[in-house]
Amino acid sequence: MHRISPRQALVVALLLVSAGASAGPVQNGSFKQQLQSWSPVGKQNGALMAFITDPAGIALRITNRTGIGDGVRQNIAAGLTAAGSGVPYTLRFETQVDAFASVRAILLLTVGTETRRVLLAERMFHTSGPQYVPVEGHSVVTWSGAISAAWLTFEIGDAPAGSFTNCAIRNIQLELDTDGDRLFDAEEVALGTSPTVADSDGDSAADGLERQLGLNPTFADLDDDPDADGFTSREEVAAATSPLHAGSSPGQPSNDDAGPAARAVLRWLATLPARSGERVVLGQHLTEVVPEFPVQVQALPAATGHQVAALGLQYELNAVPCQASVVNPYAISWWQGGGLVQIKWSAPNPWTGGTNGDLTGPIDLMELVTPGTPANATWMGWLDCLADGLEELRDAGVVVLWRPMSEMNGAWFWFGHRRNAHYVAVWRHMHQYFSQDRGLDNLLWTYESDSAVHPHLASDYYYPGDSYVDVMGHNLYHDEWALPFEAERLYRDYPKVYGFPQAGSRNVRDGTWDNLVMIEGVKARYPRASWVMAWNTFPGKTTQWNYNAIIHNQNATALLSDPWAVTLAKVDWAAASCGDGVQDDWEACDPTVTATCCDGSCALAAACDDGDLCTSGDTCSAGSCQGTPFLCSDNDACTADACDPAVGCVYSAVTCDDDDACTADACDTALGCVTAAIDCDDTDACTADACDTATGCVNAAVSCDDADACTADACDTATGCVNATVSCDDADACTTDACDPDAGCVNAPVSCDDGDACTTDACDPDAGCVNAAVSCNDGDACTTDACDPGAGCVNATVSCDDGDACTTDACDPDAGCVNAAVSCDDGDACTTDACDPGAGCVNATVSCDDGDACTTDACDPDAGCVHEDACPPPPPVDESPGGAEDVGGDEDVAGGDPDAVSGPGDAEDPDASTPDAAPGDPDAGGEASADSGSSSGGPTEPPDASASGGDAADVGPNAGGPHSASPPSGGCSLSGRWKAGGVSAWLATALACLRLLRSMHSPGNDPKKAQ
């Protein structure tokens, strides 16, 4: 044995976990830099992220997920663009989930305005746990134009159930894989394998697959049996079992009580793809066995020289749930002729009794397995009928590839696209009932999904589990047999026989399709497939769904003659081990070449006669004498060609009446029964045109009610239902117009509140919201009007203070600030009223001093300053010589004026400083200020008013004579004057006394000086 050496295994392991050293488009796939280069998805739904580190790497743990895409994504457009279009990549990552989930890696590739989904890798997690499971896929990424975005995303969850489990992702790598063997080019260099040849050692197993299984991709070792379980590595690779563990062997049945023949057929099918030739069983399916069998099956040997190995039948027909009595004779005859039998059952609707395509009714799959429900009663009645039919086949030794409730991942059957757990529960219940309760040990349970819906829901989404499935696959309707997902790689995750229970072209149904597409497709893309069942032709149909059968398409002979094809003559599941000296678990005994057959009826190599006129070339095989059935064909499709073992061929006219009032029945000698559907179209689009098989056409009125209050439902006889959208526009701009599917139009008031207290919010039915500015003018000139968006109008009092103490500051609501001058008039004439801008009114006392000692200066509050004479009048003028006027004692020189000429010291000059100016006038040149009471320059000087005599102009006491001055009456007692006459008398006395005092000290009054 040549396994990978420990050193090579270590190198590969290091490469596999070294995501951080990635050279591919994905950055930070190891999460060593946490979310660097990644963008969270679904955070708006509350998804939470954390990082978990263990020896295997750093995992991103995502919890609280509410959508299938919640997690992270990365735009790898730059890396893809740098590498270019058409580059082959392999993507790997590891995932852990907390519950059942589909795990997919999707590339959302946007070029121009188009975004395309590319499925990079996927795996179904049918069980959960703490372990991390590898997910991988290979894709060639192509595009034309400039990439604007290329988001690598992950979709994890159970979408039909609306369940999105917590999960973890780690070690994300997208690397160059030129040969598509799922080993990165860099890994192949380390392993010593070829990066450009998928199978470096040429043993028919890809390098990546051998590495995955623990085999050596550099040495051709597939013919070894490392685990010594009786199967070579090549056979185990073909069966998707482990070549290194004896407990994992090809063909292990799901029913522990499976019969010997069932086990043998299963084991044979599992190991067929390990052969170099004769490895793909070819079969033909029939929907209505009676009219279709002669034309589509019996006619094949005459047309091609070969017969298909498997016959496909079905137990249901339209709404008939169990037609075992019609189908079983064909199944028994075919099995006894050496062929394999497949039976399909797609149940009618248990709730309505309608066909399997009837999606109405209160469908709940769990009711089918719940005793006491009406659906369960109906269901169990059907299962009993089916089990009775299958028991008949069991008793006849027929092994059945039992195919119930297929295409469950599609949405066209009532049981399709439901919750995984519910479908699985129904499947397992049926398995228990048939295998254990009814003891059907002849069934090979066949799981078959639809391939066309796979991009949305994986074809293994509803897989019931290894303990409930023997054969699994998917239908394959494709013109080139090149599905857009890695179907075979997906099914390598399951140790089950792989094949296509329904097959053919998808669009070319006119008889021009090439049958060789099927066998060439298996060779190129699905080498693990061990059987292909072509779908049938519907003879009466005129649509594209007409010609599907092998006999009605091109190269039927080439298909059945292909070296890979297993036809009826090459079915050797029994002979392959009979007589090898080993008693297999399905054999009663096994002789050597010289012994008799297991039943003792004939020698192993001797000729024998099976007593059947419908067989030839009888030989001993599988313990009994068996002949090869020959074809009884008269080449007339309108006869039922049969063979009676007692009499031989029997040709009876075909009855084409299908007891269906909806078909016009006829027979074509080439095609056989032609049951053309009656045209029930009444050209009225307002009726549902159907046909009742008992009564004929039924044109029921169409209900156009779409249960949507937002549409006006009507029907046009030409176009059908018209569900016009209701206009909820009420022509009112003050409402938001919408429509509720249940309640109808909803015209909700518009909120015009703009949150601004400075606007008045209103709504105009024509214009909509009107947010007019609020007027904060309060009509008061004494306020400053403004508006605060939060508080509204603010009317602040105006300050009229002009800073001038000389004004009275006030505000008039109409005129505004009024700054009137302050009146400082205190009504007192004895003050000077003024105003200081800083201090205000200043009322200073008026000075009434007029500088005249002969006046008493006072102030009257009403009249103001008052100046009263305070000096006594002068004495009468004495004109005589030596009189008082003649101070010097001399006669006037001229004009009779004693002082006509005077000099210094003259009485006319009391100050003795200035002589009189002219003779004859005592005051002609004297001091005008000294003459009180006379006009300056006058001819005469009036006498003083005083009775004491003396000239008023004479200041000295001797003005009227030598001692003419005398004190005022009453003396100079001031206190007495105050008391007697008040202030005026007091001032007058004081002034008189002052004058007297002056005159007494004047030089002119000094007798000594005068002399």
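How many of the nine residues of strand E8 are buried? Let me start there. Seven of the nine residues in E8 (residues 133-141) are buried, so this strand is largely enclosed by the rest of the structure. Buried here means under 20% relative accessible area, with exposed being over 50% and partly exposed in between, using a 1.4 Å probe and protein chains only.

Quick background. This is a predicted model, where local features need pLDDT of at least 70, side-chain atom pairs count only at pLDDT 80 or more, and totals for chains, interfaces and linings use all residues. Residues are numbered from 1 along each chain as its sequence is written, and side-chain values use heavy atoms, leaving out hydrogens and water. Helices (H or I, at least four residues) and strands (E, at least two) are DSSP runs, numbered from the N terminus.

Back to E8. Strand E5 (residues 87-97) pairs with E8 in the antiparallel sense, over nine bridges; strands pair if DSSP finds at least two bridges between them. Look for threonine 90, which stands opposite histidine 138 in E8.

Now, the open sheet. Five strands make it up, in the order E1-E4-E9-E6-E7, with antiparallel pairing. E1 (39-41) and E7 (114-125) are at the edges with a single partner strand each, so one side of each has no neighbour in the sheet. From one strand to the next, the twist averages 25 degrees. E6 (residues 101-111) is joined to E7 by eleven bridges, and leucine 108 sits opposite arginine 117 in E7.

On to the cores. A nonpolar core is a set of buried Ala, Val, Leu, Ile, Met, Phe, Trp, Tyr and Cys residues joined through side-chain atoms within 4.5 Å. The largest one has 113 residues, and Trp379, Trp402, Phe434 and Trp481 touch the most other members. Helix H11 (residues 374-395) gives the largest share of this core, eight residues. There's also a second, separate core of 39 residues, including Trp143 and Ile172.

Last stop, two helices. The axes of H7 (residues 289-298) and H9 (residues 324-336) come within 10 Å and cross at roughly 30 degrees. Those axes are lines fitted to C-alpha atoms, for helices over the stretch in contact, with angles from 0 to 180 degrees between N-to-C directions. What touches what? Val289, Val290, Phe293 and Val297 in H7 meet Val326, Tyr330 and Trp334 in H9, where contact means heavy atoms within 4.5 Å.
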